[in-house]
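Here is a short briefing to read alongside the structure. Take a look at the model first, and then we can go through it topic by topic.

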Amino acid sequence: MVSDTPERVDDFRMTPQEFSTSIWLALLYGSRMLGMFLILPVFAVHAAGMPGGSDVALVGFAFGIYGLTQALFQIPFGAASDRFGRKPVITAGLLIMLAGSLVAAAADSVTGLAVGRALQGAGAVSAAISALLADSTRDSQRTKAMAMVGATIGLSFAFSLVAAPLLYRAIGLSGIFVLTGLLAVVGIAIVWRLIPAPARVSRRPAGMWAGSRSLRKVVDGDLMRLNFGVFVLHLTQMTLFVVVPAQLVGLVGLPLSEHWKIYLPVVLASFAVMMPPLNWAERTGRLRGLFLLAIGLQCLSQLGFAVLTPGLGSVSVLLLAFFLSFNMLEALMPSLASRLAPTEGRGLALGFFSTSQALGVFCGGAVGGLLAQRLGATSVFVVAALLCATWWGIAHGARRWPGRHGTGIAHQS
């Protein structure tokens, strides 16, 4: 059980350094993701006109290989950040991302794009960034910090839907890849000039490097539950966006260029609605209930897409439910993972977590496309709902949850 501690007003507030560090790391994360999001609406259209573009499977492979190499390199980069420090490892990953962006910009075939995308994904620093954020914030402020990251990613996604067609018209896909490389350079500047060294650095002693004892600590049951959860969350996100954009065009009659008019208000509204319950649950030690409620809402949103006739109103409401639960879970899960992980193996643990996330992205695109092609759009949402229901049952069995004010981990029956 968590020991009782006196309530302090400071426990509920970020220090100025925690706030500024969280903002800069959120911007670093968001700028990195913006470069990736900007190609989503235009990649397939551009690749179809390149040598090899008639091979739809090759185009899909070139598009999705980013997620695969992300999954392969998250654990090595996370573990390396425990040994060598967060900032050097993040810098190395951003330099690899820069190289991949330039290779993709120079590509004159779909195969060349695939090589560049694979290299971009190999700069897998999500775990190291999350570990640096965890090092720089107290447990009681971790969920707020992760929510800032989630908000920045959501806004980057919404912005990309508006900006990508305009940028593509102005500078082409090669120009977008160059811009992605420049964002990596900006990220390096943020890391070294604007983010202070954390007060406590959770590095693993050299003797524990890749040791079995350290590995056992980061693959315990509750951490593996979170890994499964983030896999399902991002798989369902990708399957949703395999189907919904086509429904908005074909069934609702909304042109692709107008989709941002739904996505942007829905994303902004979801962030406004989610913050009060997040803060309340953090203060009162009821994160478990909120977590399970968010998974349930995710399941219901998928069922709604499966059974309701697509229309502007129904799709907007269901997207709001989806993004509200998605963004809430996106803030809660990395926060929980960083708290449950052993301090000396935090980067490695978050490496497993980020690998599961990347695999969810990769599998979501493949599974969603296959199901939609073979069994129809409804099957995509039914499978997603079943996965969310399975996740709810697995998450319900977790024993360790943060106590009141985020002061420690309580074991719950």
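Does Ser 335 count as buried or exposed? At 0% relative accessibility, Ser 335 counts as buried, where buried means under 20% relative accessible area, exposed over 50%, and partly exposed in between (1.4 Å probe, protein chains only). Please keep in mind that this is a predicted model, in which local features need pLDDT of at least 70 and side-chain atom pairs count only at pLDDT 80 or more, while totals for chains, interfaces and linings use all residues. Residues are numbered from 1 along each chain as its sequence is written, and side-chain values use heavy atoms, with hydrogens and water left out.

**Contacts across the sequence**

- Ser 335 sits in helix α12 (residues 312-340); helices here are DSSP runs (H or I, at least four residues), numbered from the N terminus.
- From C-alpha to C-alpha, Ser 335 and Ser 130 are 8.8 Å apart in space, although 205 residues apart in sequence.
- His 46 belongs to helix α2 (residues 43-47) and counts as partly exposed because its relative accessibility is 24%.

**Aromatic pairs**

- The structure holds four aromatic pairs, counted when ring centres of Phe, Tyr or Trp (its six-membered ring) lie within 6.5 Å; planes under 30 degrees apart are stacked, over 60 edge-to-face, and the rest tilted.
- One of them joins Phe 305 and Phe 381, whose ring centres are 5.1 Å apart with planes at 20 degrees, so this pair is stacked.
- Because Phe 305 lies in helix α11 (residues 287-307) and Phe 381 in helix α14 (residues 377-396), the pair ties together parts that are 76 residues apart in sequence.
- Phe 305 and Phe 381 are both buried.
- Phe 322 and Phe 323 make an edge-to-face pair, because their planes are at 75 degrees and their ring centres 5.3 Å apart.
- Phe 322 and Phe 323 are both buried, and together with Phe 326 they form one aromatic cluster.

**Helix α1**

- Helix α1 (residues 16-37) includes Leu 27, which counts as partly exposed because its relative accessibility is 39%.
- α1 and helix α7 (residues 139-193) pack at an angle of about 35 degrees, their axes 4 Å apart; axes are lines fitted to C-alpha atoms over the stretch in contact, and angles run from 0 to 180 degrees between N-to-C directions.

Definitions and conventions. Helix = DSSP H or I, 4+ residues; strand = E, 2+ residues; numbered from the N terminus.
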